[in-house]
Every structure is written in C-alpha cells, then in structure tokens.
Amino acid sequence: MKKIDKILVCVDFSQYTRMALESAVAISRSTQAQIVVFNVVNQRDVNSVRMVSQYYPDRLDVETYVQDLKKERLEKLTQLIDSQFSDDKQRMTLNIDVGYPWESIIQAAKTHGADLIVMANKGRGNLSRVLFGSTAEKVFRHSPVPVVSVRDPDTFKGRE
C-alpha cells in the first residue's frame with residue numbers, strides 16, 4: 001500500500017462528523033499524515049438562493065450569502081477542532097468549497113494530493129438512493145484514491 005501523507009476528511013456537520021474526524025486523526029497519528037478537513041456548500045442550495053434573490057435583489061445577495069455561510073462553517077469547524085482535537089490541530093487545514101458534494105470531494109482529493117479520503121456512509125432511504133444516489137456511493141465509484149467509510153456501529157446493529 002502506498003504511504004499515506006495526506007488525508008481528506010469530509011465533514012457535513014451531521015452526527016457523523018466527529019466519527020469521521022476521529023477516524024482521520026487515528027490514521028494520521030499512525031502515519032504522521034496531514035489532514036485536510038473538507039466541507040462543501042451544496043451548489044443546489046446556492047442555486048435556490050440565486051433564484052429567490054432575483055425577486056429580492058436589494059435584500060438578498062448570493063455572494064454575501066455564500067461568504068457568510070463559509071465563514072459560519074469555518075467557525076464551527078474551528079470550534080469543534082479546538083474543543084475535541086486540539087492535540088492534532090497542527091496537522092489540520094480547513095477547507096470550505098462550493099459545488100456538488102461528490103464532484104467537489106473528488107476534485108479536492110486531486111487538488112490537495114490526498115492519498116486517502118475518509119467520509120461517513122450515512123444511510124438514506126431506498127427511494128432517494130435510487131433517484132439520486134448518495135454522495136458516498138459516487139465518491140466510492142469515482143475516487144482516484146482509497147476511501148474509508150466511517151459507520152456508526154449502533155446504526156448497523158442487528159442488520160445481517
């Protein structure tokens with residue numbers, strides 16, 4: 001296996017964010033890898049705001065919305081890392097991007113030279129998976145590097 005020098009850990013502020021970070025940190029401690037903590041502002045949300053802003057151009061600016069959202073997310077990530085992962089924060093860089101999540105994750109892995117992607121595999125309903133596919137599934141299919149799927153053991157208890 002190729003040496004792991006850089007880990008891209010994908011966070012979405014769900015209940016799985018901490019688990020994904022814990023897994024990335026554990027791998028980083030054993031490999032001395034750098035960690036890129038990565039979050040994506042979904043382009044679909046930005047497009048919705050853009051559409052609404054056409055009706056309220058003097059009250060809603062899309063660029064300001066995106067910048068405020070990125071700033072808010074960066075602050076949340078910084079607080080989480082300071083409170084839960086302070087011993088490892090010197091190995092972490094934070095990155096907030098705007099785009100379609102799975103495409104942004106793949107592009108970030110390439111741009112940052114990641115050797116490994118760590119992300120949660122959240123369960124979604126069967127109908128939405130059939131219609132849209134999950135971000136995790138698309139990343140697994142298209143990733144140029146190995147992907148570690150973080151799962152909540154309590155969620156999968158009793159499933160066989």
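This is a predicted model: local features need pLDDT of at least 70, side-chain atom pairs count only at pLDDT 80 or more; totals for chains, interfaces and linings use all residues.
Visitor: What percentage of the residues count as buried?
Guide: A residue is buried if its relative accessible area is under 20%. The chain has 160 residues, and the part of them that counts as buried is 39%.

Visitor: How many helices and strands does the chain have, and in what order do they run?
Guide: There are 6 helices and 5 strands. Read from the N terminus on, the elements run β-α-β-α-α-β-α-β-α-α-β.

Visitor: Is R44 buried or exposed?
Guide: R44 belongs to helix 2, which covers residues 43-53. Exposed means a relative accessible area over 50%. R44 has 52%, so it counts as exposed.

Visitor: How far apart in space are R44 and G99?
Guide: In sequence, R44 and G99 are 55 residues apart. From C-alpha to C-alpha, the distance between R44 and G99 in space is 8.0 Å.

Visitor: Among contacts between residues at least 6 apart in sequence, what percentage join residues at least 24 apart?
Guide: A contact here means heavy atoms within 4.5 Å. Among contacts in the chain between residues at least 6 apart in sequence, the part joining residues at least 24 apart is 74%.

Visitor: Over the ring of which residue does the charged end of K76 sit?
Guide: The cut-off for the distance to the ring centre is within 6 Å. The charged end of K76 is 4.6 Å from the centre of the ring it sits over, that of F13.

Notes. Residues are numbered from 1 along each chain as its sequence is written. Side-chain values use heavy atoms; hydrogens and water are left out. A charge sits over a ring if NZ of Lys or CZ of Arg is within 6 Å of the ring centre and within 35 degrees of the ring normal. Helices (H or I, at least four residues) and strands (E, at least two) are DSSP runs, numbered from the N terminus. Buried means under 20% relative accessible area, exposed over 50%, partly exposed in between (1.4 Å probe, protein chains only).
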